[in-house]
Amino acid sequence: MINPLLLTDGYKVDHRRQYPDGTTLVYSNWTARKSRIEGVDEIVLFGLQYFIKKYIIEDFEQYFFKQPKDKVVKEYKRRIDNYLGQNQVGISHIEDLHDLGYIPMVFKALPEGSSVSLRVPMITMYNTLPEFFWLTNYFETLISAVIWMPCTSATIAKQYRKLLDNYAAETSTNLEFVNWQGHDFSMRGMAGVDAALTSAAGHLLSFTGTDTIPAIDFLEKYYNANSDNELIGGSVAATEHSVMSMGTLEDELGTFKRLVTEVYPNGIVSIVSDTWDLWKVLTEYLPQLKLDITGRDGKVVIRPDSGDPIDIICGNPDGSNLNEIKGVIELLWDTFGGHTNEKGYKELIPQIGAIYGDSITLERARQICERLKQKGFASTNVVLGIGSFTYQYNTRDTFGFAMKATYGEVKGTGRNIFKDPVTDDGTKKSAKGLIKIMKENGKYQLQDEVSWEEEQKGELKEVFRDGKLLIDDSLKSIRSRV
């Protein structure tokens, strides 16, 4: 494992000497500054506890403090010398930190799972020993790299949940089903395992459906979850194209029959259905298997996996044939029927359903729900597989996350510092001085340029101080906040 002090941008390593002589404290904050997703102006805080446990405590303990000082100092010096060439970065500050044996900092934060308005700081951090003033912003790179994605994915998942809740409230009697209606299919398309885990954990703050199994282990390890006594995440048996192809085109009907009567005579099974001809599956094979399906104790879920998801699920009025015009849900209704609920919308029988898991976005999800509503169908007739097309197509700039210093102390005197580039549109303008967050009418509000006494009174609570985790939150409580 890499020395955690090397998990930073190269320009950070010599900022220690660039601060004014006599600097003893640097105080910074983590804030979402803007939104590139229309209608989203509150961001979910998630991932700080993981960052602290994994990197500030576990990794520093194992790969820095418990390593021989000569070893870690030598490898740090070698890397910086090879990287910068002749330099005066020095190693005494690294030796001093190793001798200390812990990270001398405070992290304060709003509760994880909270929704925080844009431009309101979520987290503040500062050093507790004067000689380690350089540590605060040294961590900017690492905290940003680790936390922006779980915050972003948790925020987007909450938008899906709000959308699906709203349509279910209008059209369905099965409101609890929304827990499973947004299903995470993203792992294979994410930028590495850590991104997959943190993003999938963010998804699970709003839903219980996931195919990212290790996200459950992640939440057990870092967020005090326990799958033995609570539902963290789950899924169902499901096929893939290799299974269907192996059954051969000539015996596709036989493959379907074997799956629903022999392999899975009960319970939920999801069957990918467009390996060859989705419309033939819906209009020829399923009618022949109707008694087998309706006689099961469980649901058969039909999974189309190609084409425009809105048109495939809801039908395309400009389609070239009646099947394309009707779409999956109406064709399932034609074969299996169901009931019209008291809200006036059709719900398929419980033994049949559909899922679409390719290229779903928030806007496509909205259009699917709206088109189904316009056709008289409840939104809960379909599950949406939410994949990397949603969760990987983002950057730190999706919500403009940044960590900026706003206060410092030099030779015993406090300095309120800020940035406000004249060439910027206002996005990069920072807060100024010490920060206090208040809650008014259910929303967090920023007060900056406050005294140390006032800074201690706000909604920001100490999560970590001098090597010790002070708040160890649970998945259950974080979900309740979301």
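Predicted model: local features only at pLDDT ≥ 70, side-chain atom pairs only at ≥ 80, totals over all residues.
Local features are reported at pLDDT of at least 70 and side-chain atom pairs count only at pLDDT 80 or more, whereas totals for chains, interfaces and linings use all residues. Residues are numbered from 1 along each chain as its sequence is written, and side-chain values use heavy atoms, with hydrogens and water left out.

**Annotated domain**

- An unreviewed UniProt entry carries the annotation "domain: Nicotinate/nicotinamide phosphoribosyltransferase" for residues 182-465, given in the numbering used here and with feature names shortened, and such annotations may be inferred rather than shown by experiment.
- The end C-alpha atoms of residues 182-465 lie 37 Å apart, and the span is 34% helix and 23% strand, where helices (H or I, at least four residues) and strands (E, at least two) are DSSP runs numbered from the N terminus.

**Helices H8 and H9**

- Helix H8 (residues 193-203) packs against helix H9 (residues 214-222) at an angle of about 80 degrees, with the axes 9 Å apart; axes are lines fitted to C-alpha atoms, for helices over the stretch in contact, and angles run from 0 to 180 degrees between N-to-C directions.
- H8 and H9 are therefore roughly perpendicular to each other (65 to 115 degrees, with angles under 35 counted as roughly parallel, over 145 as roughly antiparallel and the rest as oblique).
- In this pair, Leu197, Thr198, Ala200 and Ala201 of H8 meet Pro214, Ala215, Phe218 and Leu219 of H9, contact meaning heavy atoms within 4.5 Å.
- By class, the contact of H8 with H9 has 7 nonpolar, 1 polar and no charged residues (Ala, Val, Leu, Ile, Met, Phe, Trp, Tyr, Cys and Pro count as nonpolar, Asp, Glu, Lys and Arg as charged, and the others, Gly among them, as polar).

**Helices H12 and H15**

- Helix H12 (residues 278-288) and helix H15 (residues 322-336) have axes 10 Å apart and pack at an angle of about 20 degrees, and they are therefore roughly parallel to each other.
- Among the residues in contact, Trp279 and Leu282 in H12 and Val328 and Leu331 in H15 take part, and by class the contact has 9 nonpolar, 4 polar and 1 charged residues.

- Arg119, although not a glycine, has a positive phi of about 75 degrees, and Arg119 lies in the loop between strand E4 (115-117) and strand E5 (123-127).
- At 33% relative accessibility, Arg119 counts as partly exposed (between buried, under 20% relative accessible area, and exposed, over 50%, with a 1.4 Å probe and protein chains only).
- Asn224, also not a glycine, has a positive phi of about 55 degrees; Asn224 is placed in the loop between H9 and strand E8 (237-238) and is partly exposed, with a relative accessible area of 37%.
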